[in-house]
Amino acid sequence: MIWPAYDVGLLRMHIPDGYLSPSTCAVLYGTAIPFWYVAFARVKRLLNTRLVPLLAMVSAFCFVIMMFNVPLPGGTTGHAVGVGAATVVLGPWASMLAVSIALLIQAVFFGDGGITTLGANCFNMAIVGSIVAHLVYRAAAGRTAITSSRRVLAAGLAGYAAINVAALFAACELGIQPLFFRDASGAPLYAPYALHIAIPAMMLGHLTFAGLAELFVSGGVVAYLQRTNPALLGQRSSARTDEAARPPAATTGWRATRPLWIRLALLMLLTPLGILAAGTAWGEWGARDFSDPQMRQQITAASGNIAPPSQQPRGLARLSSLWSAPFPQYAPPFVRRPAFGYVMSAVFGSGLILGFFLLIVWMAGGREAEAPTTSA
Amino acid sequence: MTRGRENLRGVVERTLASFVDALEHAFYAEELAKENGVLQKLDPRVKIVAILPLILIAALARRLWVVAALFVIAVAVAMLSKVPLRMLAKRVWLSVLTFTGLISLPALFLTPGQAIYTLPFFGRSVTAQGLRIGVCLIMRAETAATFSVLLVLCTPWSSLLKALRVLRLPIVLVVILGMTYRYIFLLLRNAHDMFKSRKSRTVGRLDGREQRRAATASAGVLISKTQQLSGEVYLAMRSRGFQGEVYVLDEFRTGWFDWVMLAVFVTVAILAFWFGR
């Protein structure tokens with residue numbers, strides 16, 4: 001068999017094409033893009049012109065490491081993703097990019113993992129994996145010396161945790177498909193298993209075999225480098241001190257506000273989460289809800305079993321007709337999918353607020369610009 | 001226990017075999033890309049614009065017959081491009097079937113619906129709806145994988161990467177991808193040599209712990225080599241005048257055949273999208 005990961009069968013988490021709905025794929029691509037952007041900017045700042053060769057080599061390394069057969073206790077073998085080792089040696093940002101590039105080449109060249117689901121696979125393994133590995137490694141290794149045996153354990157744990165959290169994310173993505181995407185007859189359109197099947201099925205294999213493979217590779221690589229090339233392990237902390245010693249970046253302009261923009265974009269993408277919540281938001285009832293028997297039941301249940309007034313409050317009825325929103329219920333009439341409506345509303349709403357502030361800044365800036373000329 | 005030992009003994013061989021397979025696959029793809037077939041004749045940019053939508057539509061279509069029709073088209077394109085179907089069956093269809101088939105198997109029984117066949121001993125029934133879901137999942141994955149493998153098999157990797165710029169991918173990324181691909185083979189060779197020399201020095205059996213040590217130490221050597229190599233490559237690039245900016249030569253040219261084929265593919269994509277909604 002040529003395909004590197006097929007012999008582990010169900011233990012792999014490269015989600016193939018056709019398992020996730022278009023909207024899930026789009027959301028996961030959308031979530032991955034800000035991380036790639038920040039990672040690229042950070043790595044580029046650190047490496048400058050060295051970026052291209054280093055990233056290419058490390059991505060090639062990640063690809064090759066994915067093909068290693070790691071013997072596991074009990075006579076089986078498993079494949080590691082290598083995200084633990086990459087994070088420990090390179091730091092989370094470079095590892096995020098390198099593993100993503102390796103996954104891209106695997107998907108395009110080897111057909112391992114889908115193209116539509118590449119965003120999801122990169123998000124789970126490269127992004128979530130690197131972040132989890134970084135946090136666990138930092139917490140477990142503490143301030144111990146580079147050659148301390150605690151670091152071997154920490155790296156192993158980091159790899160194990162990274163791969164399991166990544167698998168949990170993949171299981172959740174697969175598990176929410178039948179909740180949201182069904183055809184007219186109620187049959188699931190994409191991945192067919194609900195969360196209560198997907199999560200145990202995925203986690204069983206990863207908590208045992210795949211997690212162990214990652215644990216051995218991460219811990220083993222660190223143990224080997226401690227013996228032969230400890231400078232490589234220390235490089236990561238020296239890179240960080242380099243960064244700290246650098247004069248602070250400009251505190252104004254695009255660079256300073258970039259993290260805020262990214263967070264804003266993330267929040268916009270996450271707005272449809274509200275659809276998942278059951279029931280209504282307490283106190284956010286419309287005037288018409290008071291006359292709908294089903295809504296009345298929900299209001300009663302949410303208000304400590306105290307029934308609402310039988311008539312809609314008159315003041316509420318009068319005021320509610322004063323203004324009708326352009327996007328009622330977060331979706332303009334022409335949008336049929338509520339999730340898309342939410343994202344659109346978020347973009348529109350944030351755009352309005354930003355536009356308003358830009359207008360204020362522009363007006364204030366205009367006056368400031370005028371001021372020096374008049375004084376001079 | 002014996003089986004476990006046998007398995008462990010095969011670890012080095014299996015890793016070696018997967019390296020050799022990957023190398024073989026790459027050389028084979030380079031050979032196929034030189035053939036005189038329909039896809040090979042097309043401008044790589046046209047190929048990407050023509051095939052990428054088909055992959056997306058196949059992966060996301062809701063109707064089984066649309067996916068099946070796209071699969072037939074993929075097979076036809078493969079035949080016109082002189083891609084041996086045996087090779088596609090072995091390397092793509094079988095491996096996708098193994099994974100997707102395993103995953104979709106329980107859906108046959110777990111999906112509620114009209115029972116069409118009851119297993120003799122287990123008492124569980126295959127439902128019509130379950131069968132439909134299983135077949136749909138498998139067909140979607142097979143069709144999308146066939147199209148993407150066709151795109152890669154019939155285009156030299158370097159041209160494919162350059163052509164990716166029609167998707168507005170940053171040049172830096174295209175160059176990194178190209179270099180990654182180039183150095184994958186160097187590192188594969190390195191890893192292959194390491195495993196082979198280890199195997200030739202080994203007499204008798206290694207226990208599991210030793211095997212693991214060998215595998216992880218090889219990974220450690222490889223990461224050290226990677227770092228060293230990237231330093232050397234960087235210096236080599238610097239000495240040739242590299243200053244962080246990347247330039248790519250665009251030598252693609254489209255002819256009437258490209259435009260005709262693009263029109264055909266786009267029509268198929270629009271029809272598939274329309275009927276598969």
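In the predicted model, buried residues account for 44% of the 376 residues of chain A. The secondary structure of chain A comprises 13 helices and two strands. Among contacts in chain A with a separation of 6 or more, 69% join residues 24 or more positions apart.

One helix pair was examined in detail. Two packed helices are described by the angle between their axes and the distance between the axes. Helix H3 of chain A runs over residues 83-90, and helix H8 of chain A over residues 195-228. Their axes come within 8 Å and cross at roughly 30°. Angles under 35 degrees count as roughly parallel, so H3(A) and H8(A) are roughly parallel to each other. The crossing of the two helices, H3(A) and H8(A), is right-handed.

The residues at this crossing can be listed for each helix. H3(A) contributes A:Gly84, A:Ala85 and A:Val88. These meet A:Glu214, A:Val217, A:Ser218, A:Val221 and A:Val222 of H8(A). By class, the contact of H3(A) with H8(A) holds five nonpolar residues, two polar residues and one charged residue.

Methods. Residues are numbered from 1 along each chain as its sequence is written. Chains are lettered from A and ligands numbered from 1 in the order in which they are written. This is a predicted model: local features need pLDDT of at least 70, side-chain atom pairs count only at pLDDT 80 or more; totals for chains, interfaces and linings use all residues. Helices (H or I, at least four residues) and strands (E, at least two) are DSSP runs, numbered from the N terminus. A residue is buried if 20 or more other C-beta atoms lie within 10 Å of its own, exposed if 12 or fewer, and partly exposed in between; C-beta atoms are placed from the backbone. Two residues are in contact if their C-beta atoms, placed from the backbone, lie within 7 Å. Axes are lines fitted to C-alpha atoms, for helices over the stretch in contact, and angles run from 0 to 180 degrees between N-to-C directions. Angles under 35 degrees count as roughly parallel, over 145 as roughly antiparallel, 65 to 115 as roughly perpendicular and the rest as oblique. A crossing is left-handed if the near helix is turned anticlockwise from the far one by less than a right angle, and right-handed if clockwise. Ala, Val, Leu, Ile, Met, Phe, Trp, Tyr, Cys and Pro count as nonpolar, Asp, Glu, Lys and Arg as charged, and the others, Gly among them, as polar.
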